[in-house]
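Open your viewer and keep the selection tool at hand. We will go from stop to stop.

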There are 2 protein chains.
Amino acid sequence: MATPRLRNKKLSEPTISRLPVYQRIAEGWRNRGLQHIDSEQIGGLAGVTATTVRRDLAGLGSLGTRGAGYDVQVLIERIAEALGHDIGYDVVVVGMGNLGHALVNSSNFLTRGARLVGIYDSSPEMIGTYVAGQQVKSMNEPMIGATVGVITTPGSAAQDVADKFVKAGIHAILNFAPQVITVPLGCAVHYVDFSIELQILMYHLNNGTGPLGGGLLHSLGIASVTMPRSS
Amino acid sequence: MATPRLRNKKLSEPTISRLPVYQRIAEGWRNRGLQHIDSEQIGGLAGVTATTVRRDLAGLGSLGTRGAGYDVQVLIERIAEALGHDIGYDVVVVGMGNLGHALVNSSNFLTRGARLVGIYDSSPEMIGTYVAGQQVKSMNEPMIGATVGVITTPGSAAQDVADKFVKAGIHAILNFAPQVITVPLGCAVHYVDFSIELQILMYHLNNGTGPLGGGLLHSLGIASVTMPRSS
DNA sequence: GGATGTGAAGTAGTTCACAGCC
DNA sequence: GGCTGTGAACTACTTCACATCC
């Protein structure tokens, strides 16, 4: 009760997208044995101004020290708290192709509150084998208790998988398949698309604007969809 | 000369990140044999309002038809033109682990102007083998003529790869390794991080805000960095 | 001295509302 | 009738500038 839930204070969308970046930077600092970091250093690495960093972090409460900057350990913890990592989530991944393997084996994908509780594939050769310490299940097996579903199948299978997720009560979907999927209202689909990243980078390359040309700064691009059934 | 370069008109950052999404939606429509789409339909699928869609597209010139919506073919072409796909880019990918395989085999990563001109790995077992029709090269071989470099190595190798890119004259880097890298000023690093996507999705899940709760809308998250050498 | 945290000002992006056109 | 394209109003985010505190 000492610390009222920071979660109540709603953070702006841009801030939310930057906090994980700051967290990663702080982790890098800590791993190199450094204890303090200031807003200018974070901004330089994240590609935003020092003022923006301070404003973002001020939203989490007073966690800096005037004259000295931020303690990296405190920073990491408070960001984790604000993003809800202390709650924990159960994640299932469907599609054990190269991308699925890459994800579940990644040291970073499943940290920070996420727990892998099931991996699935439709291919008979794949089912029953072990990946990242877990046995690959058939799509017919239930997906009990998961909160987040990740789709790493080819585009053609994405809608079927999404339907299974919805039936299993999963409200949040991370879709890596290059395919727009439809889900009932109230279900969030977050859409990750590599080619879109590449396209945005290329636009800036063409125009000399944005991240190029000495400017620092940002980027992004990815769509999220919630919509009624049909089309 | 009939059509002056659309590229001159600078588009806003949010618009740039949404255009590839609209393009993908239009492609999906076309693939299902549909010829027209209106701003409301695009918005529903992309997770933005119809007005935002119209404003974004108006920036590319008058490509809609009042009363009828947009012709999907025209839409696809004009967005491609605006993003510079008619120019074409040479891409090299370093790191032929699961993620590297997933990328170069993806039907979507290397379309729309991108050409794969080289794939590299440091592992002796990997070098010389063929992936996606290309022979994997040693890191010692030159990277002539590439404009964009993609890093899909473990984090520990990312900085070395970035250094090689810089020496080879590559100005734009797409970094999938969970590692902040430093490059000379004038070089753009676009940072793609799966765990960050997951974190943002989880934040919304916790708070019931954003993409959840019947609202449509968006997302994103990924950092891009340009900064001087050192740390 | 030095860096945070924040009112105030400025800028950018979104949404409203409707005129214009098919 | 229906949907685009856009001035005008609004909202949100960023940046400035500085008081505040270590």
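The tour visits one threonine and then some aromatic rings. This is a predicted model, in which local features need pLDDT of at least 70, side-chain atom pairs count only at pLDDT 80 or more, and totals for chains, interfaces and linings use all residues. Residues are numbered from 1 along each chain as its sequence is written, chains are lettered from A and ligands numbered from 1 in the order in which they are written, and side-chain values use heavy atoms, without hydrogens and water.

**Stop 1: Thr152(B)**

Select Thr152(B), in the loop between β8 (148-151) and α6 (155-167) of chain B. Helices (H or I, at least four residues) and strands (E, at least two) are DSSP runs, numbered from the N terminus. Is Thr152(B) buried or exposed? Its relative accessibility is 8%, so Thr152(B) counts as buried. Buried means under 20% relative accessible area, exposed over 50%, partly exposed in between (1.4 Å probe, protein chains only).

Now show Gly95(B). The side chain of Thr152(B) reaches its backbone oxygen at 2.6 Å.

**Stop 2: aromatic rings**

The whole structure holds 7 aromatic pairs over all chains. Ring centres of Phe, Tyr and Trp (its six-membered ring) must lie within 6.5 Å; planes under 30 degrees apart count as stacked, over 60 as edge-to-face and the rest as tilted.

Select Phe176(A) and Phe194(B). Their centres are 5.3 Å apart and their planes at 90°, so the pair is edge-to-face. Both residues are buried.

Next, select Phe194(A) and Phe109(B). This pair is also edge-to-face, at 6.5 Å and 85°. Phe194(A) lies in helix α7 (residues 194-207) of chain A and Phe109(B) in a loop of chain B, so the pair joins two chains.

Note on methods
A polar contact is a pair of N or O atoms within 3.5 Å; within protein, one must be able to donate a hydrogen and the other to accept it, and residues adjacent in sequence count only if both atoms are side-chain atoms.
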